[in-house]
Amino acid sequence: MSKLTFPRMGESWRAFKMLLEDLGNDVVVPPRPSKRTLDLGVRYSPEFACLPLKILMGTYLEAIEMGADTIVTTGGVGPCRAGEYALLHHKMLKDLGHDIKMVVFEPPRIYPFNFIKNVWTLNKNHTSVRGIIAHIKRGWRKVQALDNTEKLSHIIRPRELSRGTTTKVYQQVLEWIDCAYTTKQIIDAESAALEALRSLPQHNGQDVLRVGIVGEIYVLLEPASNLEMEETLGNLGVEVERSMFLTGWTRDNTWKDTTERKTVTEAAAPYLPELVGGHGRDTIGNTILYAKRGFDGIIQIAPFTCIPEIVSRTILPRVSRDYDIPVLTFFLDEQTGKAGMSTRLEAFTDLMRRKKRSKLGQGSLIV
Ligand code: SF4
């Protein structure tokens, strides 16, 4: 039987694994990206390629070493390189002598038949349509449980009394959700996970800063690619709210634009009325919405050479000035180190704290 793997993005692999196994597939869980993953990706990818392409190349090579022979991934539309990833990876792997099969899911709202055909290809158990829908619903519920738990960890971490307890408990409760199989088990595991996080000893949170995280989808969703920035911020006493989770992204791309999506697009319109590919326009729209909600700062994270985020980076100084909100940008590549990032995050946190205390600072605060 063929062995499937897929791109790793945060903790969502737990739901994908369950879904693919339910359909009768043998699954190779992609390993968490490490230095070796990145080294492999950098060695075999074009130098100019964006960071996600390199990390995924390394991930696929490691999964192939573990026996994978089929990659299930997404395509994409719009003016950016994401739509070419699957093709490029396939060609690069072939050039290295790996005879790999690719199953590429395009956005179902634009290519519904591609979705049906791919699901049929993956349906090794010949499950009925009703059965497939039930599997997808259960997988979706698991992704929701994982996202909700992660969101709460971002709120609890900056308030914890004992440094590191949130991360420790978060890792434990992920296993509870992972082991849950039926919908009832998933809901129960989610409730228990949220309760375990809420019951951690916390201070009153008076000093906690709130930061909105915006940017490109892969570096937002995979903590290894952004050097666990959200955890570092939490440990500095900063509550983060990430503008993108897999559940939100899937809702926006599966059927039609959600109200949330339209709100973001409308907010961005005076500064960036055009789609520039990737999530460049969302970066602007979400920055404005966070500013209106009274957040203390914005952090934009993006792969080095990511065109949509470079476009939004050039607009952010004006947004920062108009809405009086500090913005810090990180362009990530294989040279980015955790120590340097932590230093910049500490400086940014100091700046936001001073600004919050004085309630004075006017003008653009771009770091
Ligand atoms: S959004 Fe940016 S990083 Fe992602 S594929 Fe497009 S250019 Fe590359």
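Reader: In which loop is Leu227 found?
Author: This is a predicted model, in which local features need pLDDT of at least 70, side-chain atom pairs count only at pLDDT 80 or more, and totals for chains, interfaces and linings use all residues. Residues are numbered from 1 along each chain as its sequence is written. Helices (DSSP runs of H or I, at least four residues) and strands (DSSP runs of E, at least two) are numbered from the N terminus. Leu227 belongs to the loop between helix H9 (217-221) and helix H10 (229-235).

Reader: What is the phi of Leu227?
Author: Leu227 is not a glycine.

Reader: How is Leu227 classed by its other C-beta atoms within 10 Å?
Author: A residue is buried if 20 or more other C-beta atoms, placed from the backbone, lie within 10 Å of its own, exposed if 12 or fewer, and partly exposed in between. Leu227 has 19 such atoms, so it is partly exposed.

Reader: Is His126 buried or exposed?
Author: His126 is found in the loop between helix H5 (112-122) and helix H6 (129-156). Although not a glycine, His126 has a positive phi of about 55°. With 9 other C-beta atoms within 10 Å, His126 is exposed.

Reader: Which residues of H2 make the contact?
Author: Two residues are in contact if their C-beta atoms, placed from the backbone, lie within 7 Å. H3 gives Lys54, Ile55, Met57, Gly58, Thr59, Leu61 and Glu62. H2 gives Thr37, Leu38, Leu40, Gly41, Val42 and Tyr44.

Reader: Which helix gives the most to the side of domain 1 that touches domain 2?
Author: The domain assignment, which is automatic or from a database, gives domain 1 (3-127), domain 2 (128-205) and domain 3 (208-367). Eleven residues of domain 1 are in contact with 13 residues of domain 2. With five residues, the element that gives the most to this side of domain 1 is helix H1 (residues 13-22).
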